[in-house]
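Hi,

Here is the structure I promised to pass along.

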Protein chains: 2
Amino acid sequence: MSEKLAEAALDQLFRTARTYNAFLPKEVSVEQLHALYDLAKFGPTSANSSPMRLVFVTSKEGKEKLKPFLSEGNRAKTLAAPVTAIVANDHTFYEKLPQLFPHADARSWFVDNQVLADITAFRNATLQGAYVIMAARSIGLDCGPMSGFDNAGVDEAFFAGTSIKSNFLINIGYGDASRDLFPRSPRLSFDEACRID
Amino acid sequence: MSEKLAEAALDQLFRTARTYNAFLPKEVSVEQLHALYDLAKFGPTSANSSPMRLVFVTSKEGKEKLKPFLSEGNRAKTLAAPVTAIVANDHTFYEKLPQLFPHADARSWFVDNQVLADITAFRNATLQGAYVIMAARSIGLDCGPMSGFDNAGVDEAFFAGTSIKSNFLINIGYGDASRDLFPRSPRLSFDEACRID
């Protein structure tokens, strides 16, 4: 049985973590991207479907390829971020189920039902995108997630000819709290968002 | 700037955390449900839209109301779990944006575009559902998330006459590793799921 994490860890993961719009000029290494994925991959998905595909855009060429599809408010900060992760959904994720869920024929649940496959891909890759945010914070990195961009354009530029579709973006680096950090916006209270039945 | 969390915390959140199908006979208190929400609420959402609504089903009456809509494989374990959280999306979340995003007229981005509102509700409530899983683990609880149920039936039983729709379910309690815990299924390697551009 687990204990509650230390207060400092709860702060780092949730309470003092923020969405950063500017990052310090400090590189994120390839080893850190592996460490991040090697935590996030363990988060639960439906039938272990693991439909998220990630592109870590780090090069100048990669950023230029992304640039035309960013909304104006997201453009400069995304070009300047050390890493921009494209969180994407593989809509034929079920082809990997014989490997990922070997104890049942889970592929057959989806292969003839693309509507179910699409919602499963979107829901579960989105969950995995949240695990990426939490994993990044867990290893001392900061995030700036965004959904303001041209999904179809990004799909054509990065995933042409595949069954992979972009979902949202996450800028990743070491957050610079001295620049463009907005005051924390209010959250809904327990009674506004929850009930106990 | 944050440090990497302790290895034990990374284990608890990701590496040794598991999807539990059975829970110890140990109550989850109302205070714990508040603590859980008061962490999860800080996770980022698009324009701070915070579209997740949560029903913590804990009573015998609540479980009976849920029972007819559970898939057969999820029924017994869900009735036995200390808490079953219904993670749901408020598809008119934008009515709360004047409160949640007071520095811009964000309501106007969604109120006349229900297609955008629907995808924003689903994506962001799903992210928040993942934050709930991570917050539960952070405070020493275990989870068993599921999407195998009749969403329309749950919506009618729990959210009739509202703009709220069920997304997925999470059983919550203290996991019993001695019962119905499957071996960890394989995950995709970095190279199978990720690339660096």
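**Where the two chains meet**

In this predicted model, strand E1 (residues 52-57) of chain A runs parallel to strand E5 (residues 194-196) of chain B, and three bridges join them. Strands here are DSSP runs of at least two residues and helices (H or I) of at least four, numbered from the N terminus; two strands pair if DSSP finds at least two bridges between them. One of the partners in E5(B) is B:Ile196, bridged to A:Phe56.

On numbering, residues count from 1 along each chain as its sequence is written, and chains are lettered from A in the order written. Local features need pLDDT of at least 70 and side-chain atom pairs 80 or more, while totals for chains, interfaces and linings use all residues, and side-chain values use heavy atoms, without hydrogens and water.

How much area is buried between chain B and chain A? About 7000 Å², with 65% of that from carbon and sulfur atoms (accessible area, 1.4 Å probe, lost on putting the two parts together, summed over both). Contact (heavy atoms within 4.5 Å) involves 76 residues of chain B and 76 residues of chain A.

There are also two salt bridges between the chains, meaning a Lys or Arg side-chain nitrogen within 4 Å of an Asp or Glu carboxyl oxygen. B:Asp197 and A:Lys65 form a salt bridge through their side chains, at 3.8 Å, N to O. Helix H7 (residues 114-138) of chain B gives the most to that chain's side touching chain A, with 13 residues.

Cheers
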